[in-house]
Amino acid sequence: MLIDSGDLSMRARDLADPRRSRELLIRCLKAAQEGRRRWSPQQVVVAGQSLGGVAAADLVLHRPDVAGRAIAQSASFWLLSGHRGEGEGELLAWLRRRRDSGQAGANAPLPARLVVQCGVHEGVLRQGARTAAELLMTEGALLGYREERGGHDYAWWRHGLSWGQRFRSEERRVGKECRS
């Protein structure tokens with residue numbers, strides 16, 4: 001299923017609020033399943049770019065009962081940092097708190113699996129992607145990390161989706177694969 005990303009004002013309204021984007025994605029997935037046999041959340045891969053990338057990551061990390069896999073491309077991991085386009089946002093802070101809370105292994109393992117990708121010319125998004133990949137790896141949730149030649153554009157997102165899909169049924173952790 002492909003969800004229209006709409007115009008900039010629609011994306012800002014729907015994707016800049018993680019709780020709103022989570023609810024919208026859940027409603028879309030429920031509508032897609034209507035009249036069909038029930039599928040396992042582990043069969044559901046959500047993908048997105050920029051604000052959509054952080055929405056996809058947020059959904060699988062907070063609602064693995066709905067979707068178990070995500071491909072986060074050029075994800076806006078700065079979201080809700082207090083400074084648009086800068087710093088570490090709410091999702092990275094949540095992952096850090098999980099990692100740093102108490103004793104090792106105190107938290108239940110994350111059932112979600114993510115592929116994180118970014119362009120080598122994306123500055124703060126690249127740093128956010130690297131941080132996300134590091135934190136996800138410590139949680140056992142990282143399937144793959146890749147940096148692509150390019151910036152914040154669809155030129156590499158299309159083939160990046162194909163690369164990210166190859167991990168759909170694999171249950172192995174992959175180290176950093178950098179392509180520049």
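Colleague: At what angle do the axes of helix H1 and H2 cross?

Modeller: Bear in mind that this is a predicted model, where local features need pLDDT of at least 70, side-chain atom pairs count only at pLDDT 80 or more, and totals for chains, interfaces and linings use all residues. Residues are numbered from 1 along each chain as its sequence is written, and side-chain values use heavy atoms, with hydrogens and water left out. Helices (H or I, at least four residues) and strands (E, at least two) are DSSP runs, numbered from the N terminus; axes are lines fitted to C-alpha atoms, for helices over the stretch in contact, with angles from 0 to 180 degrees between N-to-C directions. For H1 (residues 8-15) and H2, the axes come within 6 Å and cross at roughly 100°.

Colleague: Which residues of H1 and H2 make that contact?

Modeller: H1 is roughly perpendicular to H2, a label for angles of 65 to 115 degrees (under 35 is roughly parallel, over 145 roughly antiparallel, the rest oblique). The contact residues divide into 2 nonpolar, 1 polar and 3 charged, where Ala, Val, Leu, Ile, Met, Phe, Trp, Tyr, Cys and Pro count as nonpolar, Asp, Glu, Lys and Arg as charged, and the others, Gly among them, as polar. With contact meaning heavy atoms within 4.5 Å, the residues are Arg 13, Asp 14 and Leu 15 of H1 and Arg 20, Ser 21 and Leu 24 of H2.

Colleague: How far apart are the axes of H2 and H3?

Modeller: These two pack at an angle of about 80°, so H2 is roughly perpendicular to H3. Pro 18, Ser 21, Arg 22, Leu 25, Ile 26 and Leu 29 of H2 meet Ala 55, Asp 58, Leu 59 and His 62 of H3. By class, that contact has 6 nonpolar, 2 polar and 2 charged residues. The axes are 9 Å apart.

Colleague: Is Arg 22 buried or exposed?

Modeller: Arg 22 belongs to helix H2 (residues 18-33). Beyond its neighbours within four places in sequence, Arg 22 touches Asp 58, Leu 59, His 62 and Arg 63. Its relative accessibility is 15%, and the cut-offs are under 20% relative accessible area for buried, over 50% for exposed and partly exposed in between (1.4 Å probe, protein chains only). Therefore Arg 22 counts as buried.

Colleague: Which residues of H4 does H3 meet?

Modeller: The axes of H3 (residues 51-62) and H4 (residues 90-100) come within 10 Å and cross at roughly 35°. The residues of this contact divide into 6 nonpolar, 1 polar and 1 charged. From H3, Val 54, Ala 57, Asp 58, Leu 61 and His 62 take part, and they meet Leu 91, Trp 94 and Leu 95 in H4.

Colleague: What is the relative accessible area of Ser 74?

Modeller: Ser 74 sits in the loop between strand S2 (69-73) and H4. Its phi is near 45°, a positive value in a residue other than glycine. Ser 74 is buried, with a relative accessible area of 0%.

Colleague: Over which residues does pLDDT stay under 50?

Modeller: pLDDT is the predictor's confidence in each residue, from 0 to 100. The chain averages 87, and 90% of the residues score at least 70. Where pLDDT is low, the predicted coordinates should not be read in detail. The stretch under 50 is residues 169-180.
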